[in-house]
Amino acid sequence: MSLTDPAFIQRLESLALLARRVLGGKLQANRRTTRKGTGVSFADYAEYHLGDDHRAIDWRVYGRLEHLVIKLFELEEDMTLVVLLDTSASMRDKLPYARQLAAALGFLALRGLDRVAVYALSSGIQPVLETAHGRAKVMPLLRALEGVSAGGEASDFEAGCRTLVARHRRRMMVVPISDFFFPTGFDTALSLLRHQRHEVFCLQVQSPGDRRCTLRGDAELACVETGQTRRVTVRPAEAAAYERAVVKWNAQLEHACRRRGVGLASTLTDVPFDEVMQRVLRRGGLVA
Amino acid sequence: MIFLSPGFLWGFALLAPLVAVFLLKVRPRRHPVTAIFLWDQILTQRKATTLFQRLRDLLSLLLLALAAAALILAASRPRIDGGDTRDVLILIDRSVSMSADLDPGRPGVSRFEAAVDRAGALVRSLGGQRRAAIATVDDRLTYAVPLTDEPRRLREALGRLAVGQSPSDRKVLTGLEQLSGLNRELRVILLTDGVGLAAPAEAETFLPAPAGADADAVAGDDDAAAGPVVEVVRLGPSAGSAVPGNVGLAAADLVAGGGEQGATLLLSVVSSFSEPVQGEATLTALGPPPETDASAATGRAEQEAPGVVVRVIPLDIAPGRNAPRLYPLEAAPGRYRLSLTRVDGDGDAQPDALAADDTAFLSLPSPRPLRVAVSAGDRYFFETAVQAFAFRSDLMELVRRGEPADLAIFRGGAPSGVEGPPLRVVFAPDAAGGGVTEVGEALAAALPRVLLPNHPVLRFFPAESIGFQGARRLRAAAGSAVLVADATGVPLIWQTRDPDAGTVTLVVNLDPAAGDFVLSPYFPVLVHAAATHLGGRTEARRATYLTGASVPVPGLRPGEAAAVRFAEGGEVTATPATPVRLERAGFHVAETPREPVDLPASAMHGDESRLVGLPDAGGAAVELPGGYLPWVWLVVVALGVLVAEEVLYHRRKVG
């Protein structure tokens, strides 16, 4: 299904309605920041603690009450959603699904008056959609995603993240959409993003064939990204070992995300994308 | 090692493309993966099996090459027997002793069955690469299948073989040796127990062989020692080992008369036991002979008639052949079965090694005498000559004029055509007819010459010393058999058969009254010889015949034929010139034109019953080739290797 297909857009609209109902009409750009005291609209007073900004002390109150309080202000900030769409060769069969997820996320963000940027992740990052804002950018977003194809070089998650944080100094929400089969791992990249105080939510997309090994007998395994080959004889023991290795790899990803406060949603390509998005919205891990 | 089809060795050139095909075949299919680093982890853990996996492909290739090489070698039909390309004649002894148990301690497999099995193994070892023939040997040689290289025909012939009840005859072996000596490209292998292949200890004296049977068939022949050209494979106990225990009938006869009892049984038994044993001979009546009961003429009356035990004779049986003894009986003409059983001290029956010699089938005949009429002016001497031989009621009977007769004696000429009895003896013919076509003047002096010296009529009649007084210059009818003729060619005694009238006439060209020939002792001899010959009474009826004997049908007259139905089934036609061979024991029946005649046969061969395989039976013991040919094993190896390779292939394909 094309991303610009009206039926697909209709499904995106349904997701937006669901998001409004779930989030009480407060999409991201409408919500007020939790970092009170740095905005322009007065919000409240708070007791002064050591280390607070002296400039926020309300000396008038101190004059009347002889008690140090600071003024808190609300900031109506617009978040930047950066989608890192894995376009390596290993995503060839999963890319259409990943594009649908990226489209849904971007659609919700643009409808919430947030900024959206999309990058294709392979050996580095290539901009698919430069930072965009406003609902008018929905169709350019979808068309840009339509033009994304897999088959790039081997994905380097860490290099891509380094490039990303170098480009975007502002705090943002980074959503990598990938199968997370990065030979070099994902720990360093996640740590880098979190170290830059970016919010990170990982969307792991895998195909059933990634988790289950139906191969038997002699085979020459060829890596779709590097072209490396291995001659193996796959007996049931080897197949089970491979499936255990995949489970372990995914568990390591889950553990790394939990340790760094990174959201994670794993899905298979045979699950409808809007079902995944509903689950994410209801859980609130990404949007709320 | 030689190869019968070396052209197939070029098949080794196929190994090169085989290797190429294998290398293409074993190349694994390419399978793209997204996380090869995960596979690397697994392969690192299982590195120990990598070497085997690498070798497995090589091993698989070697196995395939080995299987192909084995198949190519099999197709080239290798032989490792030193290049013996001679044809093989497989002789299987089917004499009665071969029906004995192969191993006395383990009844169930007979020597004959073991011989057939060994022959089957030999045929299998030939594998169609050499020609072979199969024949059976007892007192004669019978080919089951001629020389052929088709194993299937040989196996089928082996399947059809059955043990017989005839004795072995060493002369057959001698003839085979001569055959093998003439044909050096023929290897003769005899499978036998050796019984009866050497000179017997004593000759059969109580039951002379019938006419047509070779009386010397079972006699020894010292100059017939087996040579090395016939390879003998012994079955059963070897010489020097214990002989299986057996008692059997060596001779039995049943004759009418013998005093007031009505019949006399002659009985002789033989034992292979080294110590005296006890036995019982039981004579059981089986019913009337077929001459008196047409319903019994089926040849199996002994199975249908109720058995009545006539007499049970206890016997103390000494080792070896026992002297014959006579037992008077009250027995009417009919069929009888004589059964011999070894018993222990309690009178319980005990088995022995050979069952075929325990039963004799006897017939006490009551044949109708030959009715003879005399048609002559001077009847006295003729009637006296007939009555001289009427002392036995079953030989001749003089009938009065006008009564039905089988044979008529004429003096001066016989009636032409069908008038009168069909058998005629004509003395001094004086007119044409009845075997005479032309009558001339009397001969002044006849110089007789015997033309058929072995004719039964002349057996006891010295024709050349008879004057033939009163003879005329006659001409015999066309087709006559002239027994005696004058030096000038005038027939003196001849036999004429008129197929249109159905008569057989013996013409004697002399006048008995002239020269007082009627007073000569040879006159009744001539009358008797002519009557018994024409009446088919040349040979006396026997109570039983030995199996394997060729028997002329009693009462069968010249020109007649009889259908002989065997007790075991089957039917042949016998004539006076072609006696019938009685293969198996039982009551066989010959349907003559006048009456059915019993031909009982019994397997009473004393030397066979002793079951002694004499050490000089012939030849040195040989190792019989057996087993499967090399190409069979090569095919088996190839199949096994292919199965092993298939296992490896399967593991490669499905893990």
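Predicted model: local features only at pLDDT ≥ 70, side-chain atom pairs only at ≥ 80, totals over all residues.
Several positions along α8(A) are buried, namely A:E238, A:A241, A:Y242, A:W249, A:L253 and A:C257. To count as buried, a residue must have 20 or more other C-beta atoms within 10 Å of its own. Directly after the helix comes A:G261, which has a positive phi, near 70 degrees.

The setting of this helix is chain A, which contains 9 helices and 10 strands. Of its 288 residues, 40% count as buried. Among the contacts in chain A with a separation of 6 or more, 75% are accounted for by residues 24 or more positions apart.

Two other helices of chain A illustrate how such elements meet. Helix α3 (residues 95-111) and helix α9 (residues 273-283) of chain A have axes that come within 9 Å and cross at roughly 45 degrees. That angle makes α3(A) oblique to α9(A), and the crossing of the two helices is right-handed. On the side of α3(A), the residues that take part are A:Y97, A:Q100, A:L101 and A:A104, and they meet A:F273, A:D274, A:V276 and A:M277 in α9(A).

The next feature involves both chains. An open sheet of 3 strands has the order β9(A)-β8(A)-β2(B), with mixed pairing. β9 (229-234) of chain A and β2 (29-33) of chain B are at the edges with a single partner strand each, so one side of each has no neighbour in the sheet. From one strand to the next, the twist averages 35 degrees.

β8(A) and β9(A) pair in the antiparallel sense over 6 bridges, and A:G217 stands opposite A:V234 in β9(A). The hairpin of these two strands has 5 residues between them, and there A:G227 takes a positive phi near 80 degrees. Towards the other chain, β8(A), residues 217-223, pairs with β2(B) in the parallel sense over 5 bridges. Across that boundary, A:A219 stands opposite B:R29, and A:E220 stands opposite B:R30.

Chain B also has an open sheet of 5 strands, in the order β30-β36-β35-β32-β33, again with mixed pairing. Its edges are β30 (545-546) and β33 (571-574), each with a single partner strand, so one side of each is left without a neighbour in the sheet. The partner of β30(B) is strand β36 (residues 596-602) of chain B; the two run parallel and are joined by 2 bridges. Within this pairing, B:Y545 has B:A601 in β36(B) as its bridge partner.

Technical notes
Residues numbered from 1 in each chain as written. Chains lettered and ligands numbered in written order. Pairing = 2+ DSSP bridges. Helix = DSSP H or I, 4+ residues; strand = E, 2+ residues; numbered from the N terminus. Axes fitted to C-alpha atoms, helices over the stretch in contact; angles between N-to-C directions. Buried ≥ 20, exposed ≤ 12 C-beta atoms within 10 Å, placed from the backbone. Parallel < 35°, antiparallel > 145°, perpendicular 65-115°, else oblique. Left-handed = near helix turned anticlockwise from the far one by under 90°. Contact = placed C-beta atoms within 7 Å.
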